[in-house]
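Student: Hi, could you walk me through this one? I'd like to start with the charged side chains.

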Amino acid sequence: MPGHKFNPAHLQRLDNPRRRALLPPEKILRDVEAAKASVWADIGCGAGYFTIPLAKAVEKVIALDISLEMLQELKKRLAEQQIHNVEAVQSDESKIKLADSSVNGVILALVAHELHEPQKFLQEITRILNPGGKVIIVEWEKKVTEMGPPLDHRLEASEVDAWALHAGLGKGRVWQWSDTFIGLEYIKGIDTNQSN
Ligand SMILES: C[S@@+](CC[C@H](N)C(=O)[O-])C[C@H]1O[C@@H](n2cnc3c(N)ncnc32)[C@H](O)[C@@H]1O
């Protein structure tokens with residue numbers, strides 16, 4: 001039953017020592033190799049768990065979320081840490097308010113399983129990426145783990161692959177960040193048939 005939205009009242013679940021141990025944001029961003037001279041969109045940014053370290057690694061981050069409450073919390077944290085290269089944008093469910101070919105990278109962390117129209121959303125991501133740009137999808141493993149949503153809210157990696165390939169993206173690397181989280185990379189402009 002994907003599509004269930006995270007409740008902003010549970011904000012503390014998104015940033016605590018256990019989550020940082022299982023899903024270390026700085027290590028993940030090193031693994032995905034976000035270039036310094038690049039612009040990234042963090043879609044479904046929440047309170048900025050990835051936005052803030054990403055802003056320290058790249059030129060500019062556009063942080064999008066459908067939740068105003070989350071964006072307010074993000075803005076508070078950005079001000080506290082005096083981070084000035086992040087633009088916060090309220091987003092629509094299935095429409096990304098960014099121009100065609102406007103970003104080098106997209107991170108979609110623990111959001112894909114909440115999307116109402118994942119296929120359409122992946123097409124939107126393809127639209128906003130520059131040729132050669134990449135999207136990193138971080139998701140829960142489809143198994144029972146110590147934290148996270150029920151099994152029937154989680155996605156099979158093969159489902160995400162199918163949406164991405166149908167949206168015209170090519171398959172890149174796969175990471176296993178602890179037994180709880182996986183990372184899937186897709187690239188705009190590589191031949192999807194070469195990836196398997
Ligand atoms: C589980 S939280 C993850 C937040 C953050 N990425 C992190 O890892 O801490 C999911 C976030 O995605 C947002 N979200 C859900 N559907 C969305 C959509 N269609 N477009 C943008 N944001 C969305 C929710 O409001 C929530 O802030």
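Tutor: Happy to. A salt bridge here is a side-chain nitrogen of Lys or Arg within 4 Å of a carboxyl oxygen of Asp or Glu. This is a predicted model, so local features need pLDDT of at least 70 and side-chain atom pairs count only at pLDDT 80 or more, while totals for chains, interfaces and linings use all residues. Residues are numbered from 1 along each chain as its sequence is written, and side-chain values use heavy atoms, with hydrogens and water left out.

Student: Okay, how many salt bridges are there by this rule?

Tutor: The count comes to 15. One of them joins the side chains of Arg 77 and Asp 15, at 3.7 Å from N to O. That pair links distant parts of the chain, 62 residues apart: Arg 77 is in helix H4 (residues 68-80), and Asp 15 is in the segment before helix H1 (17-22). Helices (H or I, at least four residues) and strands (E, at least two) are DSSP runs, numbered from the N terminus.

Student: Which residue makes a salt bridge with Lys 76?

Tutor: Glu 73 does, with 3.6 Å from N to O. Both lie in helix H4, 3 residues apart, about one turn of the helix. Salt bridges that share partners join Asp 15, Arg 20, Glu 73, Lys 76 and Arg 77 into one network.

Student: Is Glu 73 buried or exposed?

Tutor: Glu 73 counts as buried, at 14% relative accessibility. Buried means under 20% relative accessible area, exposed over 50%, and partly exposed in between (1.4 Å probe, protein chains only). Lys 76 is partly exposed at 44%, and Asp 15 is partly exposed at 30%.

Student: And what does Glu 87 pair with?

Tutor: Glu 87 forms a salt bridge with Lys 60, and their closest N and O atoms are 2.9 Å apart. Here strand S3 (residues 86-90) holds Glu 87 and strand S2 (residues 60-65) holds Lys 60, 27 residues apart.

Student: Switching topic: what order do the strands come in?

Tutor: The 7 strands form an open sheet in the order S3-S2-S1-S4-S5-S7-S6, with mixed pairing. Two strands pair if DSSP finds at least two bridges between them. The edge strands are S3 and S6 (169-177), each pairing on one side only.

Student: How do S1 and S4 run?

Tutor: Strand S1 (residues 39-43) and strand S4 (residues 103-109) run parallel, joined by 3 bridges. Trp 40 stands opposite Gly 105 in S4.

Student: Now the rings. How many aromatic pairs does a search of the whole structure find?

Tutor: It finds 3. Rings of Phe, Tyr and Trp (its six-membered ring) pair if their centres lie within 6.5 Å; planes under 30 degrees apart count as stacked, over 60 as edge-to-face and the rest as tilted. Tyr 49 and Phe 50 have ring centres 5.2 Å apart and planes at 80°, so they are edge-to-face. Both Tyr 49 and Phe 50 are buried.

Student: Why is the pair of Trp 140 and Phe 181 called tilted?

Tutor: Their ring planes are at 35°, with centres 4.7 Å apart, so the pair is tilted. Trp 140 lies in strand S5 (residues 129-140) and Phe 181 in strand S7 (residues 181-188), so the pair ties together parts that are 41 residues apart in sequence. Trp 140 counts as buried at 9% relative accessibility, and Phe 181 counts as buried at 0%.
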